[in-house]
Amino acid sequence: MHETAPVLVASGEGSTAPLRTRRGANSSKNEERAKNRLRVVYIVGSVRSGSTLLDVLLGSHPDIHSTGELARISKYYEPPGYRCSCGKGASECPFWSGVLQDFERTSPLQELNRGWRRFEGFRAFPRTWWGARTGTRALREQVARLGEMIRSIARASGKGTVIDSSKDPVRGFLYSLLPSDAFDVRYIHLVRDGRGFMFSVTARPDGAGLGQRHKKGRPAAVRALEWASTNLLTSILFAGGDTQYLRLRYEDFVAQPSLELRRIGTFLGTDLSSIAEDLSQGRAVPIAGHIVGGNRLRFNAAVIIQPDTEWQRRLPARLDWTFWGLAGWLALAYGYHRTAG
Ligand SMILES: [Zn+2]
């Protein structure tokens with residue numbers, strides 16, 4: 001976490017100048033400016049990290065709007081469509097249909113989707129990075145569309161903070177290019193123990209735990225390297241640089257949710273103590289708003305937290321060794337031990 005808030009500044013509209021980096025003068029001045037800006041909280045890291053839980057808990061605060069995995073927004077509306085946490089399809093949900101109408105006053109959703117395919121995802125990173133270095137028009141336009149989408153969501157919700165839990169670090173990099181006089185972007189790097197991740201993404205004999213789209217199954221070694229490369233890129237892009245960054249281990253969050261929520265509250269400058277209080281008293285936290293992307297947790301009326309321990313009993317030794325052999329060095333750096341717990 002960085003007390004001062006150095007920021008990336010996008011070059012002016014129509015300019016071909018490279019995007020450049022500027023450091024803030026002091027933290028109080030930056031905090032003052034932050035009050036007048038739209039805040040984006042981006043939950044970043046590997047898939048299957050428990051981001052939906054964090055997303056819905058933060059979204060229960062009255063000043064925060066939780067969107068789910070916003071990167072897939074164009075899919076929300078395509079038939080058969082995604083179902084919103086309010087129970088309606090995105091096209092019928094008054095919130096998301098309003099967002100679409102508002103956004104499309106500036107640009108068709110298709111354009112945002114095209115830019116998503118071009119500039120987001122791990123493989124797109126060299127192109128995106130180079131586009132930022134050289135200030136290409138296509139990249140600047142995509143960053144502007146992303147900003148317009150955040151504005152549309154903020155207008156529809158009437159809230160000053162929007163959470164996107166898409167997790168892709170390359171999308172997070174795009175957010176860092178938003179103009180700093182209008183947007184205050186903060187990153188929560190959510191890390192889950194890689195062995196829990198392996199248990200979650202690898203097909204098991206009982207068929208449990210996996211969505212149909214994951215069933216084709218990539219080799220375990222590829223999965224382990226996915227975990228390592230995504231988390232490493234996240235750390236490189238956001239932890240040591242000019243961004244506001246907080247790293248959170250999923251296991252710490254489920255073990256001591258109220259403590260970790262207070263830490264997140266300090267990081268965001270938002271009082272999360274009432275949510276922390278509910279959790280510490282064992283009370284369920286009601287799910288608020290309209291969440292579309294993310295796991296099925298969003299359809300619950302309320303959330304309670306349970307520890308993530310099933311993998312410790314059931315992860316096959318082969319997967320355990322594959323993960324530790326390939327990615328254990330990074331797991332150690334995040335404070336995990338060879339023997340789980
Ligand atoms: Zn809805």
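## Overall fold

Among contacts in the protein with a separation of 6 or more, 74% join residues 24 or more positions apart. The model is predicted. It contains 15 helices and nine strands. Of its 341 residues, 44% count as buried.

In soluble globular proteins, nonpolar side chains tend to be buried together. The largest nonpolar core here has 68 residues, and the members that touch the most others are Val40, Tyr42, Leu57, Trp96 and Ile188. Helix α7 (residues 137–157) supplies the largest share of this core, seven residues.

Leaving aside residues up to four places away in sequence, Tyr42 touches Asp164, Gly172, Tyr175, Val185 and Tyr187. There is also a second, separate core of eleven residues, with Met198, Val201, Trp227 and Phe323 among them.

## Helices α10 and α15

Two packed helices are described by the angle between their axes and the distance between the axes. For helix α10 (residues 220–239) and helix α15 (residues 317–333), the angle is about 25 degrees and the axes are 9 Å apart. Angles under 35 degrees count as roughly parallel, so α10 is roughly parallel to α15. Their crossing is right-handed.

On the α10 side, the contact is made by Ala220, Ala221, Ala224, Leu225, Trp227, Ala228, Asn231 and Leu232. On the α15 side, Leu319, Thr322, Phe323, Leu326, Ala327 and Leu330 take part. By class, this contact of α10 with α15 has twelve nonpolar residues, two polar ones and no charged ones. Trp227 of α10 and Phe323 of α15 belong to this contact, and the second core includes both Trp227 and Phe323.

## Helices α12 and α13

Helix α12 (residues 257–268) packs with helix α13 (residues 273–280) at an angle of about 175 degrees, and their axes are 8 Å apart. Angles over 145 degrees count as roughly antiparallel, and α12 and α13 are therefore roughly antiparallel to each other.

From α12, the residues in the contact are Pro257, Ser258, Leu261, Arg262 and Gly265. They meet Ser273, Ile275, Ala276, Glu277, Leu279 and Ser280 of α13. By class, the contact of α12 with α13 has five nonpolar, four polar and two charged residues. The contact of α10 with α15, by comparison, has no charged residues.

How values were computed:
Residues are numbered from 1 along each chain as its sequence is written. This is a predicted model: local features need pLDDT of at least 70, side-chain atom pairs count only at pLDDT 80 or more; totals for chains, interfaces and linings use all residues. Axes are lines fitted to C-alpha atoms, for helices over the stretch in contact, and angles run from 0 to 180 degrees between N-to-C directions. Helices (H or I, at least four residues) and strands (E, at least two) are DSSP runs, numbered from the N terminus. Angles under 35 degrees count as roughly parallel, over 145 as roughly antiparallel, 65 to 115 as roughly perpendicular and the rest as oblique. A crossing is left-handed if the near helix is turned anticlockwise from the far one by less than a right angle, and right-handed if clockwise. Two residues are in contact if their C-beta atoms, placed from the backbone, lie within 7 Å. Ala, Val, Leu, Ile, Met, Phe, Trp, Tyr, Cys and Pro count as nonpolar, Asp, Glu, Lys and Arg as charged, and the others, Gly among them, as polar. A nonpolar core is a set of buried Ala, Val, Leu, Ile, Met, Phe, Trp, Tyr and Cys residues joined through C-beta atoms within 7 Å. A residue is buried if 20 or more other C-beta atoms lie within 10 Å of its own, exposed if 12 or fewer, and partly exposed in between; C-beta atoms are placed from the backbone.
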